[in-house]
Number of protein chains: 2
Amino acid sequence: MTDRPPLSARVRAGDPRAIARAMSLIEDDHPGAPALIRELFPHTGRAYVMGVTGPPGAGKSTLVDKLVAELRKEGETVGVIAVDPTSPFTGGSILGDRLRMQAHIADPGVFIRSMATRGHLGGLAPTTSDLAVVLDAAGKSVVVVETVGVGQDEVDIVRTADVSIVVLVPGTGDDVQALKAGIMEIADIYVVNKADRDGADRMVTSIESNLALQAFGDGQWRPPIVRTEATTGKGVAELLATVRAFRAHTEAQRTERLAARQEYRLRDLLARRFLAHVEQHVLAPGEFEALVGRIARREVDPYTAAAGILDRALGPRGGTR
Amino acid sequence: MTDRPPLSARVRAGDPRAIARAMSLIEDDHPGAPALIRELFPHTGRAYVMGVTGPPGAGKSTLVDKLVAELRKEGETVGVIAVDPTSPFTGGSILGDRLRMQAHIADPGVFIRSMATRGHLGGLAPTTSDLAVVLDAAGKSVVVVETVGVGQDEVDIVRTADVSIVVLVPGTGDDVQALKAGIMEIADIYVVNKADRDGADRMVTSIESNLALQAFGDGQWRPPIVRTEATTGKGVAELLATVRAFRAHTEAQRTERLAARQEYRLRDLLARRFLAHVEQHVLAPGEFEALVGRIARREVDPYTAAAGILDRALGPRGGTR
């Protein structure tokens, strides 16, 4: 229609509308999304990716807002991806975006995007890392990925983020603490938020006991615990200083870590695309589920089932191995 | 040479030499292994699989030996797979097998096998679940899989086992506790072994604090903590009673859990065999590593790299999606 520059160029120029459009294409799994990523990817690798995770009600959004303000004071430009597994439709998150954007509405150095997670049917990709690619290519020097820590998402964050921050909050009982213990494994830094509350000391002691169960080698990073009060901003500057310390501590390994991450990602992409290909082009609808049922009933073994599928997908040469 | 029955028939008859031979074929990734699994698989699904994991020095071997004796008293037949990630060659484990077998040497109702883990190069399969298939087909009513809790193995155990038992031990410092906190997520039952030691109470309190961070719904199993002294056998009967309680609690979901496990296994098998096919028959030696390096240097994006490989593996139709 017009001869305006292509979307990727506008993203790279930092145009907020272009960033939003690019993210929508990726979230919707639009046919043009891989080509877009392809154009943006060479211009990435500069943003420092911070993963922030924790149970619902831990005050993550408020903390991230304060973190963003602090990062801006230090001259960083910031992109935020807030993964929200509770709202089943993206529509439910838009109001949240608008509300949260108000604090930074006049600031072109900040871009905030909420993303509703979908069911991971048939090994579908979580698109968080591709959204981070967009913000990275758009020139944001820091990308914050915020998730509720309830499952596979934490693992994906650790694959994507340069630092993983786990936010906990002193609670009154199990119902408040929807946190799985597995999240502990991925923390580079712990935050005890709402540190003015009763039980904050006990929470710190709990984390300390947990850390005491782990072995840390010489020169290995031992996750520190930072107390914050996100509503007042107390402790947020200290948290950023801790992130900087972690960044300095891990800088030497960054190239290796990026390569290992890309290796994981390439294998993962190949495996998922192959499984999608199998379900879409090789098997009839419902055939996969039927086959799993037959395996569970011991009517066929997994090797025969897999070999049959590989034969059909790759030709006899593929299945025999 | 002779007309003795085929290996699978001898395994099913419970012949210890045949069981050992079948396991060696699987561990060595012998070309005949898939056919063997295929013959045994229809005769599986009856054994109850207990995963026992914990840090080195927790006394797992002694505990498992006492568990085996207790299970035998109750009339069960038992197979044990002891995964040993510290010995790089299978040869290193054989002496261990012999030593451990002495307690049960005259008992045809017990079969113990140590397995050295190999590096999981290129997504190679851990064969633990296939070894369990052999013991299951051989008629063992209980299969115990014992691993040191240091990495991916715990996750594999939880995919394979009907119950996951995490063994901890009161220690004097971090060096003794090579346990990762992530192991906490998979425990159905905790054991504090060497419960007569100083620090046992503190260890129980530590686990309790950890459990307090997790949410348990109505009717959901909350992992109990059992104290044992494996050397004397104290607490072992109580541990088995707890396993029985867990088994009763989860019996109703067993069919679903078996189906979900088989679905995971089929996807995993397909993905791994496809990746192996790609590295062996599609790419030249070293090409995969070179490609990862190019992605990390931003010379090519993961989508283009994956599409190129899929095109070569599946024909143009596979790569376009």
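Chain A contains 13 helices and seven strands. The model is a predicted one. Of the 321 residues in chain A, 44% count as buried. Among the contacts of chain A with a separation of 6 or more, 75% are made by residues 24 or more positions apart.

**Helix 4 and helix 9 of chain A**

- Helix 4 of chain A spans residues 60-73 and helix 9 of chain A spans residues 236-250; their axes come within 10 Å and cross at roughly 70°.
- Because of this angle, helix 4 of chain A is roughly perpendicular to helix 9 of chain A, the range for that class being 65 to 115 degrees.
- The crossing of helix 4 of chain A with helix 9 of chain A is right-handed.
- On the side of helix 4 of chain A, the contact involves A:Lys66, A:Leu67, A:Glu70 and A:Leu71, which meet A:Val236, A:Ala237 and A:Leu240 of helix 9 of chain A.
- Classified by residue type, this contact between helix 4 and helix 9 of chain A comprises five nonpolar, no polar and two charged residues.

**Helix 2 and helix 6 of chain A**

- The axes of helix 2 (residues 16-27) and helix 6 (residues 128-137) of chain A come within 10 Å, with a crossing angle of roughly 160°.
- Helix 2 and helix 6 of chain A are therefore roughly antiparallel to each other, since angles over 145 degrees fall in that class.
- Helix 2 of chain A passes helix 6 of chain A in a right-handed manner.
- Helix 2 of chain A contributes A:Ile19, A:Ala22, A:Met23 and A:Ile26, and these meet A:Asp130, A:Leu131 and A:Val134 in helix 6 of chain A.
- The contact of helix 2 with helix 6 of chain A consists of six nonpolar residues, no polar residues and one charged residue.

**Residues with positive phi**

- A:Arg298 is not a glycine, yet has a positive phi of about 65°.
- A:Arg298 is located in the loop between helix 11 (287-296) and helix 12 (302-314) of chain A.
- A:Arg298 counts as partly exposed because 15 C-beta neighbours lie inside 10 Å.
- B:Lys194, likewise a residue other than glycine, has a positive phi near 55°.
- The loop between strand 6 (189-192) and helix 8 (200-212) of chain B holds B:Lys194.
- B:Lys194 has 24 other C-beta atoms within 10 Å and is therefore buried, as the cut-off for that class is 20 or more.

How values were computed:
Residues are numbered from 1 along each chain as its sequence is written. Chains are lettered from A and ligands numbered from 1 in the order in which they are written. This is a predicted model: local features need pLDDT of at least 70, side-chain atom pairs count only at pLDDT 80 or more; totals for chains, interfaces and linings use all residues. Axes are lines fitted to C-alpha atoms, for helices over the stretch in contact, and angles run from 0 to 180 degrees between N-to-C directions. Helices (H or I, at least four residues) and strands (E, at least two) are DSSP runs, numbered from the N terminus. Angles under 35 degrees count as roughly parallel, over 145 as roughly antiparallel, 65 to 115 as roughly perpendicular and the rest as oblique. A crossing is left-handed if the near helix is turned anticlockwise from the far one by less than a right angle, and right-handed if clockwise. Two residues are in contact if their C-beta atoms, placed from the backbone, lie within 7 Å. Ala, Val, Leu, Ile, Met, Phe, Trp, Tyr, Cys and Pro count as nonpolar, Asp, Glu, Lys and Arg as charged, and the others, Gly among them, as polar. A residue is buried if 20 or more other C-beta atoms lie within 10 Å of its own, exposed if 12 or fewer, and partly exposed in between; C-beta atoms are placed from the backbone.
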